[in-house]
Structure formats: C-alpha cells, structure tokens
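User: I am new to this structure. Please take me through it in short steps.

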Amino acid sequence: MPSGTRWLATERALRRLVVPCVAIIFAAGAASGGDDTTRTSSVFAPVSAPADAAYTAAMLVLAITAGIAVVVGGLLAYSIVAFRHRPDDDGSEPAQVYGSEQIELAWTVIPILIVVVLCLVTARTVYDVQGATKPPGAVDVTVVGHQWWWDIRYPDLGIVTANELHVPVSDPARPTPTFLRLESADVAHSFWVPRLAGKTDVIPNRHNRMWIEPRETGLFLGQCAEYCGTQHAHMLLRVYVHPRAEFDRWVAAQQKPAVADATAVAGRRVFETTACINCHTVRGTVATGRFGPDLTHLMSRDTLVAGAARMTPESLHAWIAAPDQVKPGSLMPAMQLGDRELEQLVGYLTTLR
Ligand code: CUA
C-alpha cells in the first residue's frame with residue numbers, strides 16, 4: 001500500500017474511533033440538561049464523613065498507583081526507543097546480568113512496602129467507618145430493599161415512606177448523623193449514594209448497618225448497586241438533606257394521619273374495595289398492607305415507581321392503568337379498573353399530601 005493511501009486508511013480508522021467518543025461526551029453533556037441529571041453522583045465529590053474517608057483513601061491509592069504506572073511506563077518507553085533495532089546491529093546478544101542482590105532486593109522490598117502501606121490505609125479507613133459509635137443526636141432509619149423499591153422507616157418517629165430518604169444536615173459542633181439499618185424483603189440489593197457513603201449490601205435474613213453524616217444540604221442521588229432482577233436499574237434512591245428546622249417540619253407533616261378529603265370519597269371507596277389495600281398502607285384507613293410502598297403521604301414525594309417517573313397525576317394514572325408498561329416485570333398488578341374508577345382512584349391518591 002502506498003504511504004499516502006495508508007495514511008488515509010489510518011485517518012479514517014482514527015475518525016471512526018474518535019468521532020463516536022466525542023459524540024458520547026457531548027450527548028452526556030446534553031443529557032445532563034435536566035434538573036436531576038445535572039446533579040453529580042461522583043465519588044470524587046463527597047459531602048459526608050464516610051464518603052470523605054473513602055475519598056481520601058482512594059486518592060492516596062490513585063496517587064501511588066499513578067506513580068507506579070509513570071515509572072514502569074517511562075522505563076518501558078525508554079527501553080523501546082533506546083534499544084530499538086538499528087540497521088547496523090551485529091545481531092549479538094547484549095550483556096546478560098545474573099544474580100544482582102541489590103536489584104533483586106529492590107524489586108522485592110519496595111513493592112512489599114507499597115502493599116503494606118495500601119493495606120494499612122485501607123484497614124484504618126474501614127475501621128474508622130465501620131467502628132463509628134452512634135452519638136445521642138443520631139437519627140435511626142430502617143431501610144428495607146424490595147424488588148424494586150426501598151421501604152424507608154423511622155422507628156423512633158413513627159414515619160414510613162419510600163425511595164426518598166429525608167435526613168437533617170449534620171453540624172460538626174452538634175453532629176446529627178443518620179444510622180441506617182439495612183434489611184431485604186427478598187433478594188440481595190445494595191444501598192449506594194456515592195456522595196454520602198460507600199456501598200453497603202442489603203442481604204436477606206441479615207441486618208447490615210451503615211451511616212451518613214452530610215455536611216451540606218440538598219438532594220443526593222443514588223441507586224441499588226447489586227443486580228437484583230429485571231428492574232434493578234429502576235431502583236433509584238433520593239436523599240434529601242435538610243437544615244434542622246426544615247427536617248423537623250418534614251417529620252411533623254409525615255407524622256400526621258392521611259388527609260380525609262371529602263371530595264375524594266368515591267375514589268377512596270375504589271381504593272378500599274380493591275386489592276390495593278392488601279399491599280399498601282394508608283394510615284388511618286383499612287389499608288394496612290406492607291408488600292408495597294406506604295401511601296399515607298404519597299404526594300409529598302417527588303417521584304413515583306422508585307424514582308423512574310415524576311410524581312404527577314398523569315404518571316400515577318399511567319402507572320396504575322398498566323404497571324407493566326411503565327416498569328416491565330413490576331410486581332404491582334394491573335387492577336383492570338374501568339376509566340371512571342381509575343379517574344376516581346387517581347383523584348383520591350392525589351389528595352394524600
Ligand atoms: Cu435492588 Cu438492584
């Protein structure tokens with residue numbers, strides 16, 4: 001192949017490689033135009049004590065391994081260039097070196113020291129995170145993983161919600177971390193909100209524990225991080241970190257019983273006379289099911305279907321009419337309601353503020 005043609009072929013191959021990469025980068029930028037998707041979930045932007053500890057350890061490991069990559073890669077590149085084949089080579093073997101104690105000691109002892117440092121740093125971080133004691137101001141929450149949503153319970157406050165965890169921001173002078181007890185109702189899941197803490201597995205017949213101590217208010221996104229079935233990717237988590245007074249207001253609102261709106265009596269009758277009540281709870285009514293999310297304050301949540309849809313009357317309507325269309329494989333059955341009953345039911349649910 002003439003060199004001009006070869007270059008053209010190489011250039012075409014490069015374009016084929018580079019153009020899609022650039023397109024993906026720009027597409028990612030465009031996709032992050034929405035309100036939630038602009039939020040970073042990067043482990044490199046920690047805002048909570050356990051995530052800080054993991055970040056510090058990770059940066060040290062990255063720095064050491066980057067150093068090793070530079071030294072090894074540099075020596076390799078130097079050898080490739082300096083000792084390349086030359087036209088005037090006489091083809092004889094280079095001088096062979098055997099049994100250098102200094103060199104062998106160096107390449108044995110230095111890696112051992114590096115591994116020991118990495119082990120000690122990791123062990124210390126794990127010990128600090130897992131051995132943390134619960135201060136008096138801590139909030140206790142039990143999180144139960146289900147296929148495919150999160151049941152969130154505040155046993156001391158008498159609150160039950162789903163998929164959206166609300167916690168107070170922690171002031172270093174008066175720490176108010178949140179301690180989570182993790183349980184599973186079915187298969188293995190994993191609780192992960194990258195900016196707040198590392199992953200913790202959620203295992204059936206076992207209680208795992210973890211904690212978060214956010215120092216910034218705001219919304220932090222996470223998701224189930226262990227493949228748990230068809231809708232694993234739609235098992236999202238939202239953590240709302242509030243200033244203390246705002247958190248107390250949220251608690252007070254959630255503690256109230258469900259609104260009994262006189263205009264939604266027909267819809268409430270539909271709800272209470274179908275199988276909805278076998279799986280869902282609305283506090284203060286005959287609905288006491290625990291298989292699905294608690295609906296007492298359904299409309300106080302921003303999302304529906306474990307974060308897969310915005311909470312709007314339209315998305316509620318679509319979800320109840322055909323759950324399998326919104327979330328294929330979902331364990332919520334279609335109740336086969338008539339149009340009028342469905343309208344009334346959605347009307348009732350939207351009063352549950
Ligand atoms: Cu739950 Cu993946």
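User: How do helix 7 and helix 9 lie to each other?
Analyst: In this predicted model, the axes of helix 7 (residues 313–321) and helix 9 (residues 339–349) come within 10 Å and cross at roughly 130°. Axes are lines fitted to C-alpha atoms, for helices over the stretch in contact, and angles run from 0 to 180 degrees between N-to-C directions. Under 35 degrees counts as roughly parallel, over 145 as roughly antiparallel, 65 to 115 as roughly perpendicular and the rest as oblique. Helix 7 and helix 9 are therefore oblique.

User: What rules apply to the numbering and to this kind of model?
Analyst: Residues count from 1 along each chain as its sequence is written. Local features need pLDDT of at least 70, side-chain atom pairs count only at pLDDT 80 or more, and totals for chains, interfaces and linings use all residues, since the model is predicted.

User: How many helices and strands does the protein chain have?
Analyst: Helices (H or I, at least four residues) and strands (E, at least two) are DSSP runs, numbered from the N terminus. By that count the protein chain has nine helices and 12 strands.

User: Does helix 7 pass helix 9 in a left-handed or a right-handed crossing?
Analyst: A crossing is left-handed if the near helix is turned anticlockwise from the far one by less than a right angle, and right-handed if clockwise. For helix 7 and helix 9 the crossing is right-handed.

User: How does helix 5 lie to helix 9?
Analyst: The axes of helix 5 (residues 265–273) and helix 9 come within 7 Å and cross at roughly 100°. Helix 5 is therefore, relative to helix 9, roughly perpendicular.

User: How do the residues of the contact of helix 5 with helix 9 divide?
Analyst: Helix 5 brings Ala266, Gly267, Arg268, Val270 and Phe271, while helix 9 brings Glu341, Gln344, Leu345, Gly347 and Tyr348. They divide into five nonpolar, three polar and two charged.

User: Is Glu272 buried, exposed or partly exposed?
Analyst: Glu272 lies in helix 5. A residue is buried if 20 or more other C-beta atoms lie within 10 Å of its own, exposed if 12 or fewer, and partly exposed in between. Glu272 has 14 such neighbours, so Glu272 is partly exposed.

User: What is the order of the open sheet of five strands?
Analyst: Two strands pair if DSSP finds at least two bridges between them. Strand 3 (159–162) and strand 8 (208–212) are the edge strands. Strand 5 (residues 178–184) runs antiparallel to strand 8, joined by five bridges. The pairing in the sheet is mixed, and the order is 3-2-1-5-8.

User: Which strands stand at the edges of the open sheet of three strands?
Analyst: The order of this sheet is 4-10-9, again with mixed pairing. Strand 4 and strand 10 (residues 236–242) pair in the parallel sense over five bridges. The edges each have a single partner strand, so one side of each lacks a neighbour in the sheet: strand 4 (164–168) and strand 9 (218–223).

User: Which residue is the bridge partner of His166?
Analyst: Look in strand 10. The partner there is Tyr240.

User: Which two residues does a cis peptide bond join?
Analyst: Look around the loop between strand 1 (139–146) and strand 2 (149–154), which holds Trp148. Omega is about 0° for the bond between Gln147 and Trp148.

User: Is Val305 buried or exposed?
Analyst: Val305 lies in the loop between strand 11 (303–304) and strand 12 (309–310). Phi of Val305 is near 55°, positive in a residue other than glycine. With 25 other C-beta atoms within 10 Å, Val305 is buried.

User: And Gln336, buried or exposed?
Analyst: Gln336 also has a positive phi, about 55°, although it is not a glycine. Gln336 sits in the loop between helix 8 (323–326) and helix 9. With 9 C-beta neighbours inside 10 Å, Gln336 counts as exposed.

Conventions. Two residues are in contact if their C-beta atoms, placed from the backbone, lie within 7 Å. Ala, Val, Leu, Ile, Met, Phe, Trp, Tyr, Cys and Pro count as nonpolar, Asp, Glu, Lys and Arg as charged, and the others, Gly among them, as polar.
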